[in-house]
Amino acid sequence: MSGNNKITREEALAYHLEPTPGKLEVSASTPMSTQRDLSLAYSPGVAVPCEAIAENPETAYDYTTKGNLVAVITNGSAVLGLGNLGALASKPVMEGKSVLFKRFADVNSIDIELDTEDPDAIIQAVKLMAPTFGGINLEDIKAPECFIIEQTLKEQLDIPVFHDDQHGTAVITAAGLLNALRLTGKAIEDCKIVLNGAGAAGIACIELIKAMGAKPQNCIVCDTKGVIFQGRTEGMNQWKSAHAVKTDMRTLDDAMKGADVFLGVSVKGAVTQAMLESMAEDPVIFAMANPDPEITPEEAHAIRPDAIVATGRSDYPNQVNNVLGFPYLFRGALDIRARAINDEMKIACAEALADLAREDVPDEVALAYGRKLSFGRDYIIPTPFDPRLIHTVPLAVAKAGMDTGVARRPIVDMDGYEQSLRARMDPTASMLQGMFARAKGTQARMIFAEGDDIRVLRAAVTYQRSGLGKALVVGRQDDVKTRLEAAGIGDAFRELEIVNAGNTRHLETYKEFLYGRLQRKGYDTSDIHRLAARDRHAFSALMLAHGHGDGLVTGATRKSAHVLGLINTVFDAGAEDGAVGVTALLVKGRIVLIADTLVHEWPDEEDLADIATRAAGTARSLGLEPRVAFVSFSTFGYPVSERATKMHRAPRVLDARGVDFEYDGEMTVDVALDPEIMAQYPFCRLSGPANVLVVPARHSASISVKLMQQLGDATVIGPILSGVGKPIQLCSATSTANDILNMAVLAACRVG
C-alpha cells in the first residue's frame, strides 16, 4: 500500500459498518406502490411469465433479471493474500466484487459463500443454483481445486463460468504484454517467457499467452521447487505437467538468463537484480505479487533502465488490475446471452484493452489522474477509470462471442449496442474520482473549522491519510484527542495539526484585519475579539484570508445561513458581491446542479443571469459541459403568471451578455430533465437534458434539494459556495463524514 494513502483498521471497519452493514442492497426496478402493482409483481400476475418460461426457457432472459445477474461464488479457501479464511470471513471481499460489477459495467451481482472445501459439493451447489444467473464468477478458491471446479462447471453448464483469479489476471497481463512487446519491437512467438508462480493465475497467464502465439518451448514455468521440466516428479500435478518443457534449466536464475519476459505471480523478492542483469535487451517485467512485487520498479530500473515494468499496485505505473477485465467480459457475454466465455473472447478483451492504451487519452482521464497520459513505457495498460472501457471492451467481447458461436442472441445493430453501452456509464463516480485525483495533486492545506464534531474529525483524518493534503483542525487539543480516542482513531491525533486562538501567534493580526472591515458596521473592539478569538467559523475564515490554509470546510454544526453570515465578516460573500450557492445532486447515475441554494433570497432576472453564469462555471469545474434551464411552474410562457415573468426574462439577459454555454427557459422541471418531454418543444435551445437548474428563489431551491434527498435518495454535495475568491465550502447539519470529505475535496480543487 502506498505510504501516502494510509488506511487503518478502524477506518476499514467503519466503512463496512456505516451507514448500514455491508456494501449491497436490493431495490425494486418496477413500480411497487399500489395493490395492482403487487398483483402484477406477484400473484396472480406473476403466473403469466412463469408459464411463458416453462413453455420456452429462453424467455427467462426477457422476463427476469437472469440476463444481467452474475453470482460471485467462493468457499473462502484463498482470500486475497490472507489464505484460507473460510466462507463467512470471505463475504466482505465477495460483496466488494459484486459492487465492482455494478460500478464498472452495470452488471447486477450477488455474492454466495459456500461452507465446504469439497470440490464436488461446490460443483453440485453451483449447478443447482445456475438457473438463477446469467453467469458465474468463481473467486478466491485455492488451487488445484479451482481448476477442477471451473472445468467441470464449464462442461456442465450453459452459462459463462469464469474464475477471475485465473483469467482476469491473465487477460490484463496479456493486454499489457502486447503493448510492451510492441514498444520493444519484439514478436511474441520469438520471445523467451519465464513465469514464476504456478498457481491459478500463473497457469492461466501462460495458457492465454500460448493461445496468443507464444511457442510452448519458449515458455519456462517455475514454482517454489524451481523449473517445471519434463520428468520432474516433485510437487507436480496435471496442470503443471501440461507446461513442462525439455530443458537442463533447474532454477529461476537459470531460466532468467536471456529471457525477454518475466511474469511473476509469486512472492516479494523472488527476483534479484542479478537475475535482471542476465535478461535480454529491453526486458519486460510483470512483477504482480501483492501487496509487494517480486521486484519493485525502482529496483528494476536501477539495474535495467531499459526495462518495462508492471505491477499489481496502484501507486506504480502499469497496474495489472482485474477490474479492467471481468466487468466488461461479463457485460459483453451477458449481452449476447453467451453459453461460455472462451479463449477468443478473452483474447478479444486483451486486444481491446491494448488498443485503448494506444489511443489518445481523453482530457477527463488526465484530469482524474492529475497528469497527461500517453502510450509509452509507463502507460501500457488503460487506467480503470477510463470512461471508454465500457463501450469498447464489451463490444469486442460480444463480437468474438458471436464469431465463435457461443451467442444465443447475436447483436444485429452494433452501433446501437455501442450507444447503449455508453449510456451505462455512471458519470457521478468518474466525476468524484477526478476530483479526488486533482485534490491529491494540489496537496491543499485544508482548514476543518469544527474540531468538536467527530464527523469533521473523521473527515480530516481521512483527508490526510488519503494523501490529499494537510488537515488543519480548529479546536481544543484535549477535546480533539478525547473525541478521536473515543472513536478508536486516537493514533491520528499526532498526525493532525490542531489550531485555535490560544495557540496561534497570528491572533492580533486577525483582529486588526477584522476591525478594519467591521469598524463602520457597528462592531467595537470587544465584538472583534469575541469573533476572532471565540468563534471557530470566523477564526477559520481569518486563517484562510491570511494564507494560513488553502481551503475551508465548515457548517456541519450550524445552519448554513448563520455560518455564511460569519464568513461574510471576513470575506465579501453576499448576494451583492456575486456569491452564489450551487448544490450538486447525484442520483441514479446523473448529476444535476441547483442554484442558488444559499445566498439570493428572491433574485430578479439580472441576478438569475448572474446565478446561471456562476453555476455554469461550477459545472465546468466539475467536468460537465453546462446546459442551463431556468425552471418554473410554467413552460415557455404558459401559463402566464407574474411570478414566472423573471424566469422568462432571464434568458434574454444572457442573450445580451453573449455567454458561452447553453441555456433556455422558462420551463418546468420535467421538460428540463426528460428528453422525450423536451422533444415536444423543438424550438428549445438545449441540446440535451439540463444539468444546471436555476430556480426562482432560495426557498424553492431548498425544498427541491430536501425532497430529492429524502424521497429521491440523492447524494447531496453542497451548497458549493462560488464567487468568494477563496475556496470555502459549507456542509449541512446532516452531513456524514464522507459528505464533509467530499466538500474538502471540492475546496481543494477550487470548485466554485
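**The open sheet and its surroundings**

Modeller: Four strands make up an open sheet, ordered E2-E1-E3-E4, with parallel pairing. Strands are DSSP runs of E with at least two residues, helices are runs of H or I with at least four, and both are numbered from the N terminus. Two strands pair if DSSP finds at least two bridges between them. Strand E2 (108–113) and strand E4 (161–163) stand at the edges, each with a single partner strand, so one side of each has no neighbour in the sheet. On average, neighbouring strands of this sheet are turned by 25° against each other, direction ignored. The axes behind that angle are lines fitted to C-alpha atoms, and angles run from 0 to 180 degrees between N-to-C directions. Strand E1 (residues 69–74) pairs with strand E3 (residues 135–138) in the parallel sense, over four bridges. Ile73 has Leu138 as its bridge partner in E3.

A word on the basis. This is a predicted model: local features need pLDDT of at least 70, side-chain atom pairs count only at pLDDT 80 or more, and totals for chains, interfaces and linings use all residues. Residues are numbered from 1 along each chain as its sequence is written, and side-chain values use heavy atoms, with hydrogens and water left out.

Now the salt bridges. The count comes to 42, where a salt bridge is a side-chain nitrogen of Lys or Arg within 4 Å of a carboxyl oxygen of Asp or Glu. One network links Lys91, Glu95, Asp111 and Glu113. Lys186 and Asp260 form another salt bridge, with the closest N and O atoms 2.9 Å apart. This pair links distant parts of the chain, 74 residues apart: Lys186 is in the loop between helix H8 (164–184) and strand E5 (193–196), Asp260 in the loop between helix H11 (252–256) and strand E8 (261–264). Lys186 is partly exposed at 21% relative accessibility. Asp260 is buried at 11%. Here buried means under 20% relative accessible area, exposed over 50%, and partly exposed in between (1.4 Å probe, protein chains only). Arg455 and Asp453 also meet in a salt bridge, at 2.9 Å from N to O. Arg455 is buried at 19%, and Asp453 is buried at 13%.

The whole structure holds one cavity of 30 Å³ or more. On a 1 Å grid over the protein atoms alone, a cavity is a set of points where a 1.4 Å probe fits but cannot get out; a pocket is an open set with protein on both sides within 12 Å along at least five of seven lines; lining residues have an atom within 4 Å of a point. The largest cavity has about 50 Å³ of space. Volume is the space filled by probe spheres set on the points, which are joined across faces, edges and corners. Its lining includes Arg103, Phe104, Tyr328 and Met425. Helix H5 (91–105) and helix H17 (389–403) each supply at least two lining residues. By class, the lining has eight nonpolar, no polar and two charged residues. Ala, Val, Leu, Ile, Met, Phe, Trp, Tyr, Cys and Pro count as nonpolar, Asp, Glu, Lys and Arg as charged, and the others, Gly among them, as polar.
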